[in-house]
Amino acid sequence: MARQIIIIGGGLSGLTALHALSRKFHAAPDVHIRLLEKEPAVGGPIRTIRRNGVQFEAGPNGFLDSKPSVINLAKELGLENDLIASRTEAAVRYICVDGILHAVPMDPVSFFKFKPLSLRDKVRILSEVFVSRGNAEDETVAEFGTRRLGPNFTKYFLDPMISWIFAGDVEELSLRAAFPRMYELEQTHGSLFKAAWRISLEKRRLKTSAAAGNPTRGKSVLYSLKGGMGQLIETLQQRYEASIATSQGVLSLEPQGRGYAVETTDVTYFADDVVLAAPAPAAARILGTVNLEFAQLLENIPSAPVAVAGLVYPKDSFARLPKGFGYLIPSSEGRDILGVLFSSQIFENRAPEGQVLVQVMMGGARHPEIAGKSNTELLGMAKSEIVRILKPAREPLDSFQSPGPRALPQYHRNYPSLRRRVSDILAAYPHLHLLGNYLDGISMNDCVANAESVAGRIA
């Protein structure tokens, strides 16, 4: 008897699930897989806008190779030769304090020269090795950072990092949910510095092993594709075009036998298995007809809006453009700008020769009002930021904007217990599978790995 698998949501998670399931059942003609996406195009926030030689990323700019998920997916899609690593100078990052850019320390000398930290702050940071191991499961990132490294380390490093990765509030985000590796290192080694030292020793051992013919890894590197991150989505769409139905909003999901009736704006499908890969608010609405508590749990996962604007300037507009990745702004500065990427310095072919592309990230958990601003207002904010900090002598040649603010889920203090309850309820629905960046990691690598895991569990 023929089987039908329905995937709801055409973002990276849903598309990866489609890819993994199509590969898994390629020799099973009786298994039919269909992906339903409510928007006219798939990809969610991942989109590359190309114009006049410029490649503007409306969503993520790249992914780290610290996990193999996205790189392996790209290779499976035949994109291995299109993978590009970030330029060496992109390793330099800045923190903007009082309108001045300070390079993030990369070694002990630059650490002691980092002006926003006082000598007392630096001594406090170095004494981290003597701080006792924490035991609070619901500790926030701010509580962890202040306890282990002091308030100003949290203010100038953890806070802007949280704003950049999650668009989140360092006072609200759960350490264990947002940074499980950091939580694990403290629990295992008792100190981050002790952990770093032991990891360093292990790397030296591996380097010795590599010299003997066994390959090893160095620092994580940021990667993208020659055609931008949109190239990944476009390739997935082209390969599985026959299995994708766009402009197909799902109205309800009703249990029916061992499967589900999936009602869309145009037709009702029967699915033996459903992979729900929609964002948390949409997933909550769809699940309301399956389990009300399930829906309410997902409704309780907050999100933060982020808007992106890109500005293209003649390179000679800047008397001196800092070399590097870009800069982050601590929330203590009271700004609604999260940071600025020097995009054309990070990857090749992001702007024509003699031009500079910068991307301004705005909003976040502390500035949710960004979601109500017009495109004109957002562009004005972006221009004002570049004038204030980088002081271009000329107006931009062109400008780009993300289609609208994207919402990033927030792993707050109560997230670990909420996640456990979601798992408990989901266990009662063996043919319903959840995917999305609101579950088990927001990075592209996490989304791809989780989608492949779900596909592996569908028999």
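How do strand 11 and strand 12 pair, and over how many bridges? That is taken up in point 1. The model is predicted, and the points below should be read with that in mind.

1. **Strands 11 and 12.** Strand 11 and strand 12 (residues 259-264) pair in the antiparallel sense. The pairing runs over 6 bridges. Two of the partners can be checked by name. S252 has E263 in strand 12 as its bridge partner. L253 has V262 of strand 12 as its bridge partner. The two strands form a hairpin with 2 residues between them. In that hairpin G257 takes a positive phi, near 65°.

2. The open sheet has 3 strands, in the order 11-12-13. Its pairing is antiparallel. Strand 11 (250-256) and strand 13 (268-271) stand at the edges. Each has a single partner strand, so one side of each is left without a neighbour in the sheet. Neighbouring strands here are turned by 20° against each other on average, direction ignored.

3. **Strand 18.** Is strand 18 mostly covered or mostly uncovered? Strand 18 (residues 355-363) is mostly covered, with 8 of its 9 residues buried. Strand 18 pairs with strand 15 (residues 303-314) in the antiparallel sense, over 9 bridges. In this region P314 stands opposite Q355 of strand 18. Strand 18 also pairs with strand 17 (residues 337-341), again in the antiparallel sense, over 4 bridges. There, G339 has M361 in strand 18 as its bridge partner.

4. **Helix 2 against helix 16.** Two packed helices are described by the angle between their axes and the distance between the axes. The axes of helix 2 (residues 69-76) and helix 16 (residues 444-457) come within 8 Å. They cross at roughly 65°. The two helices are therefore roughly perpendicular to each other. Helix 2 makes the contact with S69, V70 and L73. Helix 16 brings M444, N445, V448 and A449. By class, the residues of this contact divide into 5 nonpolar, 2 polar and no charged.

5. **N445.** N445 lies in helix 16. Is N445 buried or exposed? N445 is buried: its relative accessible area is 5%, and the cut-off for buried is under 20%. Leaving aside neighbours within four places in sequence, N445 is in contact with F63, L64, K67, P68, S69 and V70. Of these, S69 and V70 also belong to the helix 2 side of the contact with helix 16.

6. **T235.** T235 has its place in helix 10 (residues 230-239). With a relative accessible area of 16%, T235 is buried, again under the 20% cut-off. What does T235 touch, leaving aside its neighbours within four places in sequence? T235 is in contact with L77 and L79.

7. **Helix 8.** Which residues of helix 8 (residues 180-189) are buried? They are Y183, L185, E186 and H189. These residues cover an arc of only 165° around the axis, which puts them on the same side of helix 8. Helix 8 is followed by G190. The phi of G190 is positive, near 80°.

Terms used. Residues are numbered from 1 along each chain as its sequence is written. This is a predicted model: local features need pLDDT of at least 70, side-chain atom pairs count only at pLDDT 80 or more; totals for chains, interfaces and linings use all residues. Side-chain values use heavy atoms; hydrogens and water are left out. Buried means under 20% relative accessible area, exposed over 50%, partly exposed in between (1.4 Å probe, protein chains only). Two strands pair if DSSP finds at least two bridges between them. Axes are lines fitted to C-alpha atoms, for helices over the stretch in contact, and angles run from 0 to 180 degrees between N-to-C directions. Angles under 35 degrees count as roughly parallel, over 145 as roughly antiparallel, 65 to 115 as roughly perpendicular and the rest as oblique. Contact means heavy atoms within 4.5 Å. Ala, Val, Leu, Ile, Met, Phe, Trp, Tyr, Cys and Pro count as nonpolar, Asp, Glu, Lys and Arg as charged, and the others, Gly among them, as polar. The arc is that of the directions from the helix axis to the C-beta atoms.
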